[in-house]
Amino acid sequence: MGLLLQTPRARLRRLVRRSGTSPLSGRTVLVTGASSGIGEATARAAAARGAHVLLVARRADDLARVRADVEAAGGRATAHPCDLTDGDAVDDLVAKVLVEHGPVDYLVNNAGRSIRRSLSLSYDRFHDVERTIAINYLAPVRLTLGLLPAMREQRFGHVVNILSWGVQMKAPKFSAYLGSKSALDTWSRIAGRETYADNVTFTNMRFGLVRTPMVVPTESFEDRRALTAEQAADRVVRALEDRPVVVNVPFGSIGEQLNILAPRLSDALMSRFDRMVPDSKAASEKVRPTS
Ligand SMILES: NC(=O)c1ccc[n+]([C@@H]2O[C@H](COP(=O)([O-])OP(=O)(O)OC[C@H]3O[C@@H](n4cnc5c(N)ncnc54)[C@H](OP(=O)(O)O)[C@@H]3O)[C@@H](O)[C@H]2O)c1
């Protein structure tokens, strides 16, 4: 399936990679959410393949830690602390990056926030929709729009979005989160059609569960099979190198087909699943968060 989605150029890139030279070598790779989890592991993995990694997240101390580790391992990294939900800060980041490093070759839109909360606990929580949209959709779109002109001008660029298999499954209790992830999935698919002629492409990665700080508050995920952040990062790096249109997990693809072929059956199964797995303790707490 993956091979069918690859262009001849992607197959050639795969061959070059197997021969030992990564297409990331000597390139600039900007990773958002590089202070933790999948983003941190991706930054380390891309740097190990010879890329200059630009690390973006809010926690400057953690970015400095990752940068120091990358440099100690002989790699190249620069930290750019930024709150990506602040539009002016994103515009400043874009300007600074372009002046200091020139066009970004690869962008990994990874920074994100997940919320798992049922509708019945969400009627007075419109801010859940606002804060997921802010970091999972508006932020990556603003950043990508800022970096795209230089990519198109140099006639090379690739953007990888870290999404979720939930966009295919339409998983209950994730309406705010998956609404925002689906918006980025669709926006990028359309943007990629307009930039294709300039050799600027997009990959939508729909991940299953990955064991990172993000999933800690959800008790029901504790016993589930999950990738490590490093395993997830290997897949992200492969997507950067091979530039496929999408990366799915099999269960997500099955869920997507069921949604198309038998939508009411899919609703019935998901409704059952929804009732079997209750809200987490964290989701049931009614304290309004500050961020
Ligand atoms: N873990 C999973 O099972 C799973 C599955 C599918 C998809 N994903 C997606 O994978 C991505 C990475 O998540 P993760 O699992 O690695 O969780 P994580 O360890 O909690 O990482 C989230 C990252 O996003 C950054 N971030 C959050 N808000 C930000 C903001 N306003 N500005 C800048 N950076 C911000 C955080 O950095 P700071 O706090 O330093 O800002 C952190 O580096 C997310 O988009 C998530 O939706 C995760």
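Mentor: One definition to begin with: the radius of gyration is taken over C-alpha atoms, and the globule rule is 2.2 Å times the number of residues to the power 0.38. Keep in mind that this is a predicted model.
Trainee: What radius of gyration would a compact globule with 291 residues have, and what does the protein have?
Mentor: The rule puts a compact globule of 291 residues near 19 Å. The protein has 19 Å, so the two agree.
Trainee: And what box do the C-alpha atoms fill?
Mentor: Roughly 50 × 45 × 35 Å, along the principal axes.
Trainee: How many helices and strands?
Mentor: Eleven helices and nine strands.
Trainee: What share of the residues is buried?
Mentor: 48% of the 291. As for contacts with a separation of 6 or more, 73% join residues 24 or more positions apart.
Trainee: Now the inside. Which residues touch the most other members of the largest nonpolar core?
Mentor: Val29, Val53, Leu55, Ile162, Phe207, Val236 and Leu240, out of 31 residues in that core. Elements that each supply at least two of its residues include β1 (28-32), α2 (37-48), β5 (157-164) and α8 (229-242).
Trainee: Why would such side chains group together?
Mentor: In soluble globular proteins, nonpolar side chains tend to be buried together.
Trainee: Which residues is Leu55 in contact with, leaving aside neighbours within four places in sequence?
Mentor: Among them are Val31, Ala43, Leu63, Val66 and His80. There is also a second, separate core of 22 residues, which includes Val56, Cys82, Leu84 and Val94.
Trainee: Next, Val159. Buried or exposed?
Mentor: Val159 lies in strand β5. Its relative accessible area is 0%, so Val159 is buried; the cut-off is under 20%.
Trainee: What does Val159 touch, not counting residues up to four places away?
Mentor: Leu107, Asn109, Thr144, Met151, Thr201, Phe202 and Thr203.
Trainee: Last one: where is Pro140 found?
Mentor: In helix α5, residues 126-154. Pro140 is buried, at a relative accessible area of 7%. Beyond neighbours within four places, Pro140 is in contact with Asn109, Ile135 and Leu184. Asn109 is also touched by Val159.

Terms used
Residues are numbered from 1 along each chain as its sequence is written. This is a predicted model: local features need pLDDT of at least 70, side-chain atom pairs count only at pLDDT 80 or more; totals for chains, interfaces and linings use all residues. Side-chain values use heavy atoms; hydrogens and water are left out. Helices (H or I, at least four residues) and strands (E, at least two) are DSSP runs, numbered from the N terminus. Buried means under 20% relative accessible area, exposed over 50%, partly exposed in between (1.4 Å probe, protein chains only). Contact means heavy atoms within 4.5 Å. A nonpolar core is a set of buried Ala, Val, Leu, Ile, Met, Phe, Trp, Tyr and Cys residues joined through side-chain atoms within 4.5 Å.
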